[in-house]
Amino acid sequence: MSTPSALLIADLAGVAVFAASGASAAIVKRLDLFGVIFVGFVAALGGGIVRDVVIGAVPPLAFADWRYAITAAVASGATFWLHPQFSRLRWTVLLLDAAGLALITVTGTLKALNAGLPPVGACLAGMITGIGGGVGRDLLLGEIPVVLRREIYAVASLAGAVLVAVLVRFGIHDGLALVAPAVLIFGIRIIALLRSWSAPVPPEPA
Amino acid sequence: MSTPSALLIADLAGVAVFAASGASAAIVKRLDLFGVIFVGFVAALGGGIVRDVVIGAVPPLAFADWRYAITAAVASGATFWLHPQFSRLRWTVLLLDAAGLALITVTGTLKALNAGLPPVGACLAGMITGIGGGVGRDLLLGEIPVVLRREIYAVASLAGAVLVAVLVRFGIHDGLALVAPAVLIFGIRIIALLRSWSAPVPPEPA
Amino acid sequence: MSTPSALLIADLAGVAVFAASGASAAIVKRLDLFGVIFVGFVAALGGGIVRDVVIGAVPPLAFADWRYAITAAVASGATFWLHPQFSRLRWTVLLLDAAGLALITVTGTLKALNAGLPPVGACLAGMITGIGGGVGRDLLLGEIPVVLRREIYAVASLAGAVLVAVLVRFGIHDGLALVAPAVLIFGIRIIALLRSWSAPVPPEPA
């Protein structure tokens, strides 16, 4: 298999995982089939759409390549009918989600750097690619985004984005710039889950 | 009357109807006059703004042509002062809203196709033009968007967008590509209202 | 000090104030450190990001110039650790916020006019630059945006934006087009606070 098609398949796998997470959350809120698919679409593709708009790559990939939209719709629809089985797969879903976060952050940061964004902006754009879909999902469902409230999730994404920018700065453009940050994000995320790490919260009012 | 000015008037009529719907919802939430006009503006023009940003047509029409913003503001302001009369007009409003959805979806899809989006992306962009304003309205008012919860609304819009894309694919660019999908959307929407059709919801947890 | 660097420092001061306001609101909602910084970032830079996307100036300044993102992050982080002191500074914060609104609206409107937007669109874009961050902050925190509910805030911003457009229309491009509208916004805002002015709300249902 050529590298581009391997990357595409990995990318679509990330889209499917994020769509399933969005669809699951929408099912809990008792949305109808259309709502479940729409929230799945936003969860899977919303972060990338924001990144593409911000870097001027319009139309965004979600609109320019039908495989992304169809993958998100099929994964969301499948979740609609199969979701009772999913609760037995909690750790599988969390592992896939961590892998999706790793992949989508790294490719998002590289895409922003290639579009000419300076390092700080590219790291922000990469992190937004990773967490933006989840923020959109929670807003549509009337929740304060979970990524802002607890768990090490966005910080893992940001750490990986910074590592991408540093490696590229030192002229490392090959597979290492892709793999090392992805492993870092995946590792932080999994250890945070295993140890229930959280970011600090404000002190209780006296 | 020339076709472009007929289209413009129809377009502005759709904007006015959507603005009135947004303003009505904001009044129910007891927003102030500015809030009512702002929500009316988002309900009327939000979908088109997102479409224009996604297809790279900046500045969006809502910013480039003052008639759109002024129409939305006047319709919202009028609703603020006249709304007690509106409750007697429920079916008039629903009919106008269905007509607005039909028109805005069809012109949105055509605009996306003309901007070079592939069919799947153009259908998505057309549907977002139709339903995006309502999603924005509900988010500003702290509600889970109604279009995701019940009723055949987005699906009518999507069906019309797909018909536009199919007709254009077969080389039909004249009035038929405009009228047939608009009739389809309007028809599905009205029948769904008359028969209280809804999209399926997830099964109750056991 | 040259005019550009004076403008930059004033701009960054506005960013810091808006970030502190966003961070304070996030602390009240008990978000974690990352959430506090993220909401501060959106409150400070969200309006400008929307404006830049709408006028086609991508990547937006918040991504293209690292000083904006870093200022927002540092101000939000400082608020996280120092916020108990802030409650004693209520009037200082309100004065700084009014100054931030004045400055950001005026520079936002000028930037939109320079990008070729017609006057009505440029006034809208300028107002969105001023109030957009606060709208984003409140949506992320699950609130109906305060700017839509009470107080003369958006209207002050809009009045200043209109004055900018009028002055530029009459060929006045020098410091006056910057200072007079800023003073107008700041003045309306402070008088509204002192007199507890509000925009009209809909009549109570009978």
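Between chain A and chain C of this predicted model, one residue pair is in polar contact, with both residues at pLDDT 80 or more; a polar contact is a pair of N or O atoms within 3.5 Å, of which, within protein, one must be able to donate a hydrogen and the other to accept it, and residues adjacent in sequence count only if both atoms are side-chain atoms. The count of salt bridges between chain A and chain C is zero, a salt bridge being a side-chain nitrogen of Lys or Arg within 4 Å of a carboxyl oxygen of Asp or Glu. Local features need pLDDT of at least 70, whereas totals for interfaces use all residues. Residues are numbered from 1 along each chain as its sequence is written.

In this interface, 31 residues of chain A are in contact (heavy atoms within 4.5 Å) with 26 residues of chain C. The two chains bury about 2300 Å² between them, 77% of it on carbon and sulfur atoms, where buried area is the accessible area (1.4 Å probe) that two parts lose on being put together, summed over both. Of the area that chain A buries against chain C, Val54(A), Leu148(A) and Pro202(A) supply 28%, more than any other three residues.

For chain B and chain A, 30 residues of chain B are in contact with 26 residues of chain A, and the area buried is about 2300 Å², of which carbon and sulfur atoms give 77%. On the side of chain B, Val54(B), Leu148(B) and Pro202(B) lose the most area to chain A, together 28% of what that side buries. Across this interface the rule finds zero salt bridges and one residue pair in polar contact, both at pLDDT 80 or more.

Terms used
Chains are lettered from A and ligands numbered from 1 in the order in which they are written. Side-chain values use heavy atoms; hydrogens and water are left out.
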